[in-house]
Each structure stands twice: as structure tokens, then as C-alpha cells.
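Please examine the following protein chain together with its structure. The report below describes its overall layout, a pair of packed helices, its aromatic rings and some individual residues.

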Amino acid sequence: MTDKIIVIHNDGTKDIIQQFKEKGKIDEDYYVWWGYEDSKLYEFAKEQLLEISKNNEPFNFTMLTANTHFTDGYMEKTCKNKFDNAYANSFYCSDNMIYEFMEWLKIQEFYDDINAIDFEKCIRANLLLEKPFPFLIIS
């Protein structure tokens with residue numbers, strides 16, 4: 001769940017939502033869907049990646065998006081309704097966010113050192129759509 005994402009640093013573990021609340025990035029009582037929107041997660045991820053990449057040491061960065069979670073996904077206000085199916089729209093919007101994040105990654109100094117990126121969506125969820133669409137998996 002997005003509200004249970006853990007970031008592991010050399011100094012221990014921190015609950016990411018609590019960390020962002022403490023930094024004033026989201027309000028103490030803020031909560032949507034599974035914690036906060038994926039668009040916020042991508043912005044927070046960028047900040048975290050820039051910060052931990054300054055150490056010039058190998059690192060692992062993992063994040064879990066939730067906008068495409070079953071049953072109908074979560075549609076942010078900036079997402080467009082391209083399909084008649086709410087779930088398909090949440091996947092479409094999520095794919096656009098992934099694309100934007102990848103484009104951002106490509107211009108970072110640490111990009112050439114990335115070993116693997118794996119963007120997957122639940123295959124079982126895709127099967128529920130009338131017209132399933134391909135997954136983006138980059139390794």
C-alpha cells in the first residue's frame with residue numbers, strides 16, 4: 001500500500017508518508033485512495049533520488065504506485081477520460097506518468113548507472129479489461 005512505503009537508507013527505515021508530513025509536503029490529515037496520488041509519489045521520488053544520488057554510492061530505490069489498484073483505479077484530477085472504462089483510464093494515466101518519470105530520469109547524472117527499471121501492472125487486473133493493453137517493462 002502506498003501509505004506503507006518504506007525507504008531504506010544507511011541510517012535506518014522511515015515511513016515515507018510520515019516523512020513527507022513532517023517536511024510539510026502533505027498535510028497531516030491528507031489522505032486519498034491509498035495514501036496520496038501517484039503524481040505526488042513521482043515528485044517525491046524525484047526529490048529522494050536527487051538527494052540519495054549525491055552520495056555517489058550505489059543505492060536501491062523502490063516505489064509502489066497505487067492509482068491502478070483494483071477495482072477501478074484512481075483518477076487524479078489531471079487525468080483524462082480516454083476510454084469508457086474507469087480502470088482503463090487509470091492505466092492510461094499511469095502510463096503517461098511513467099513516461100514523464102522516465103523522461104526525467106534520462107536527463108539525470110545518475111541515469112547511465114541505472115541497472116534495471118521494472119514498471120509492471122497487475123496482469124490479472126489487465127485481463128479484466130475488455131481490450132487489454134501491453135505492459136511497459138524495461139530491464
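**Elements and overall layout**

Helices, of at least four residues, and strands, of at least two, are DSSP runs numbered from the N terminus. By this naming, T68 belongs to the loop between α2 and α3. The model is a predicted one.

The chain contains four helices and two strands. Read from the N terminus, its elements follow the order β-β-α-α-α-α. Of the 139 residues in the chain, 37% are buried. The accessible surface amounts to about 9,400 Å², and carbon and sulfur atoms contribute 50% of that surface.

**The packing of α2 and α3**

Two packed helices are described by the angle between their axes and the distance between the axes. For α2 and α3, the angle is about 15 degrees and the axes are 11 Å apart. Angles under 35 degrees count as roughly parallel, and α2 is therefore roughly parallel to α3. The crossing of α2 past α3 is right-handed.

Which residues of α2 and α3 make the contact? On the side of α2 they are D38, S39, Y42, A45, K46, L49 and L50. On the side of α3 they are M97, I98, F101, W104 and L105.

**Aromatic rings**

The structure has seven aromatic pairs. A pair of aromatic rings is described by the distance of the centres and the angle of the planes. In the pair formed by F59 and F110, the ring centres are 6.2 Å apart and the planes meet at 75 degrees. Planes over 60 degrees apart count as edge-to-face, so the pair of F59 and F110 is edge-to-face.

Where do F59 and F110 lie in the chain? F59 is in the loop between α2 (38–53) and α3 (86–106), while F110 is in the loop between α3 and α4 (123–127). The pair therefore ties together parts that are 51 residues apart in sequence. F59 has a relative accessible area of 34% and is partly exposed. F110, with a relative accessible area of 11%, is buried.

Ring pairs also link F59 and F110 with Y42, F101 and W104 into a cluster. Of these residues, Y42 of α2 and F101 and W104 of α3 also take part in the contact between the two helices.

**The loop between α2 and α3**

N56 is found in the loop between α2 and α3. Most residues other than glycine have a negative phi. N56 is not a glycine, yet its phi is positive, at about 55 degrees. Is N56 buried or exposed? Exposed means a relative accessible area over 50%, and N56 counts as exposed because its relative accessibility is 71%.

T68 lies in this loop between α2 and α3 as well. Buried means under 20% relative accessible area, so T68, at 12%, counts as buried.

How far apart are T68 and S94 in sequence and in space? They are separated by 26 residues in sequence and by 7.1 Å in space, C-alpha to C-alpha.

A88 is a residue of helix α3. With a relative accessible area of 7%, A88 is buried. Along the chain A88 and T68 are 20 residues apart, and 8.7 Å separates their C-alpha atoms.

Technical notes. Residues numbered from 1 in each chain as written. Predicted model: local features only at pLDDT ≥ 70, side-chain atom pairs only at ≥ 80, totals over all residues. Heavy atoms only, no water. Phe/Tyr/Trp six-rings, centres within 6.5 Å; stacked < 30°, edge-to-face > 60°. Buried < 20%, exposed > 50% of the residue type's maximum accessible area, 1.4 Å probe, protein only. Areas by Shrake-Rupley, 256 points an atom, 1.4 Å probe, with all protein chains shown as cover. Axes fitted to C-alpha atoms, helices over the stretch in contact; angles between N-to-C directions. Parallel < 35°, antiparallel > 145°, perpendicular 65-115°, else oblique. Left-handed = near helix turned anticlockwise from the far one by under 90°. Contact = heavy atoms within 4.5 Å.
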